[in-house]
Amino acid sequence: MTRGHDTLRRIIAFVLVAAAFGCAYVAFRDDNAPAASTTKARLATPLWSPRRIPQPIVDAVGAQRLQASLDAEVGTGQTCVAANAGSGDIASHNSTLALTPASTQKLLTSAAALSTMGPGFKYETKGVAASDPANGTVERLWLVGAGDPSLSTPDYQAMVESNPRRDAEEQATGPSKSLTSLASLADAIVAGGVRNIPGGVQGDDSRYEALRYLPSWDPTYRTDPEIGPISALTVNHGINTVQPRLTPVDDPAVFAATKLSDLLRARGVSVGQPGRSTAPNGAKTIGSVQSAPLRDLVGAAIESSDNLAMEMFAREIGLKATNQGTTAAGAKAIVDRIHALGVQVDGVTLVDGSGLDYGNRVSCQALLSALALSTRPEFNALRDGLAVAGQTGTLADEFRGSSLAGKLRGKTGSLSGVTGLAGFVDNGRPVLFSYIANGGFGRGAGVAMRARIAQIVGTFPDAPAPDQLVPVPNPPVPSTRP
């Protein structure tokens, strides 16, 4: 028996209870009470008519139709679906079946990050030295990574801001609020009195493990690339060049040190050769820069499906939960955290934070539960970050010209043989839904599959008007009572 059928049964039971109360009222009212008027008309339709509560009946019929349409669409493959209209589940298909989720998993990582660090948390990247500047000189300066996934140089920031897929409101307000300026850190170091660094800038990314790519990942993730190298100190998402093709850096810490050195030289500072090493204990902070609040970073990462940001969130979650800045510790801590938040985690197994690994397993019910958290202020970023159909993020090129354009917000998931979509459709009444399918299809076919599911969900309640479901009352007739 499906949840949609269970909902229908509950609605029918409710109507019957209402009818029973109506009958009791009619049976026990005082027939000897004086009538206000001997000519007053009475409704022929009983007081307990279901017309007095039409919406639950409309929803019940709509849920039944939605269930039938989804069952017909998904068939018997490795697929799960869940939908909720606020008052309860309205349809489901294998909702607790754990499947490879691709990037829909980012909703779970994001929820865990917001819960673990707090929506107002800010990363702080520091430039430190063994001592304060002496006559403008520090022998060596360490650039200490804090796990900020948004550190950017001015040229990279300009490239991001020129992206036509950026939210129109954010474009109007100027520089992206989700990027941390490495140039601002250079300004802070100069303001700290530094004019000469003969030993150069040293990148320190010791906060997290040194594993750049998971061995279980498809090698093409690095060569295409789907993600830059994971590091506690990364600048420009670990991408060295964009044209003619994206090229990841070999050593994120040295790359970051090199970029900061260039910015310092542009500000008149003499800087030696960059390198990598760990800052000494007790080092003094010369300058620092903070990220935007985590809520903004999470929202931007969900909208663009940022793999590197999610992997860095996962390692920070692991560090906060177990003092281990590793992907393995983070993946386990994510499951523990969302479970504590009330998300159903039966069958849920995570290998990474981004959803890139085919070994990840997530159910549609878990995704739906995570989405439901977005009604709480501390988790608003889960909703605000969802891409808008036909307009922004990973849905900018999907649903254009369709009835769902601008009305569907969702988190997509795509791998070869994996497709998913989780979010809500708002046609005047938000309907949360989640969908995952695994099989032998390509990415293009997967996009078409999730589009059909979204279109079906968007038809809810797709039920006749109340007048068709419940008979219209007969015209009033004059009372014959004395």
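This is a predicted model: local features need pLDDT of at least 70, side-chain atom pairs count only at pLDDT 80 or more; totals for chains, interfaces and linings use all residues.
View 1. A polar atom of the Thr419 side chain lies 2.9 Å from the backbone oxygen of Gly446. Apart from neighbours within four places in sequence, the residues in contact with Thr419 are Gly413, Tyr435, Ile436, Ala437, Phe441, Gly446, Val447, Met449 and Arg450.

**View 2. Hairpin of strand 16 and strand 17.** Strand 16 and strand 17 (residues 418–426) pair in the antiparallel sense, and eight bridges join them. In this pairing, Lys411 stands opposite Ala422 of strand 17. Two residues lie between the strands of the hairpin, and Gly417 takes a positive phi near 85°.

**View 3. Strand 16 and its pairing with strand 15.** Strand 16 spans residues 408–415 and is mostly covered, with six of its eight residues buried. Strand 15 (residues 387–388) pairs with strand 16 in the antiparallel sense over two bridges. Here Val388 stands opposite Arg409, a residue of strand 16. In a regular strand, side chains alternate between the two faces of the sheet.

View 4. The buried residues are Cys364, Gln365, Ala366, Leu367, Leu368, Ser369, Ala370 and Leu371. An α-helix has 3.6 residues a turn, so residues three or four places apart point the same way.

Technical notes:
Residues are numbered from 1 along each chain as its sequence is written. Side-chain values use heavy atoms; hydrogens and water are left out. Buried means under 20% relative accessible area, exposed over 50%, partly exposed in between (1.4 Å probe, protein chains only). Helices (H or I, at least four residues) and strands (E, at least two) are DSSP runs, numbered from the N terminus. Two strands pair if DSSP finds at least two bridges between them. A polar contact is a pair of N or O atoms within 3.5 Å; within protein, one must be able to donate a hydrogen and the other to accept it, and residues adjacent in sequence count only if both atoms are side-chain atoms. Contact means heavy atoms within 4.5 Å.
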